[in-house]
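Me: I would like to learn how to read salt bridges in a protein model. Can we go through one slowly?

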Amino acid sequence: MNDSYVYIIVALLPLAASMVVLQVNPYHALVIRGILGAVAALVYAVLGAADVALTEALVGTMLAITLYAVAVRSSLVMRLGILNDESSEADDDGYFGQLMDNLRTIFGKRHMRLEVVPYTNTQALHRALMDKEVHAICAPSEQSYQDDALPGDEKQPYHTAIRVQRIYDIIQNELSSPGTTLTYVNTPDSGEKHP
């Protein structure tokens, strides 16, 4: 009896595993992880371990993929707080729409979503940033962190304050249109002490 097909199926395991590790897009990695689980279940079934194959198919593939999808979907979001009236009223020069398009492009390259969270007033907007409800806030310049603006910055119609250093670095390096002044805001820990 020729069992060469078993060797071919088993060879797919390290191939699929290396594809998962090397995948840049997390959604593609989820699909390949599903393929890896299906191949593992097939190997177990071919080798006569039907109970292990069923467990791998149900838990290792279906449940794991579902949990990973939820985790990836919730973690790849950049929450941007804005004032309520800002999203509804169109600015004369189109700076806000252009800024949102640029941010979506920047985060789209990293397979992230930009979630815009409206707030009713400036105090609520700043409190959301300090309470870590949002990663950044964007407000018209006169209502924003003017004291934190860097000297030499030319007057921009919007000011964006960011509390996550990595997001600040990404936006600072890749934002092409000058519609906003960027500021990094170091938010205090919420009473947690680290050793």
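This is a predicted model: local features need pLDDT of at least 70, side-chain atom pairs count only at pLDDT 80 or more; totals for chains, interfaces and linings use all residues.

Me: What is the general idea behind a salt bridge?

Reply: Side chains of opposite charge can pair when their charged atoms come close.

Me: How many salt bridges does the structure hold?

Reply: The structure holds three. One of them joins R110 to E174, with the closest N and O atoms 2.5 Å apart. R110 sits in the loop between α5 and β2, while E174 belongs to helix α7, so this pair ties together parts that are 64 residues apart in sequence.

Me: Which residues are linked with R110 in a network of salt bridges?

Reply: The network links K109, R110 and E174. Between the side chains of E174 and K109, the salt bridge has an N to O distance of 3.4 Å. That pair also links distant parts of the chain, 65 residues apart: E174 is in helix α7 (residues 165–174), and K109 is in the loop between α5 (95–108) and β2. K109 is exposed, at 54% relative accessible area, whereas E174 is partly exposed, at 27%.

Me: Where do E115 and R79 lie?

Reply: E115 is in strand β2 (residues 113–119) and R79 is in strand β1 (residues 77–83), so their pairing ties together parts 36 residues apart in sequence. Their side chains meet in a salt bridge at 2.6 Å, N to O. E115 is partly exposed, with a relative accessible area of 26%; R79 counts as partly exposed at 26% relative accessibility.

Technical notes:
Residues are numbered from 1 along each chain as its sequence is written. Side-chain values use heavy atoms; hydrogens and water are left out. A salt bridge is a side-chain nitrogen of Lys or Arg within 4 Å of a carboxyl oxygen of Asp or Glu. Helices (H or I, at least four residues) and strands (E, at least two) are DSSP runs, numbered from the N terminus. Buried means under 20% relative accessible area, exposed over 50%, partly exposed in between (1.4 Å probe, protein chains only).
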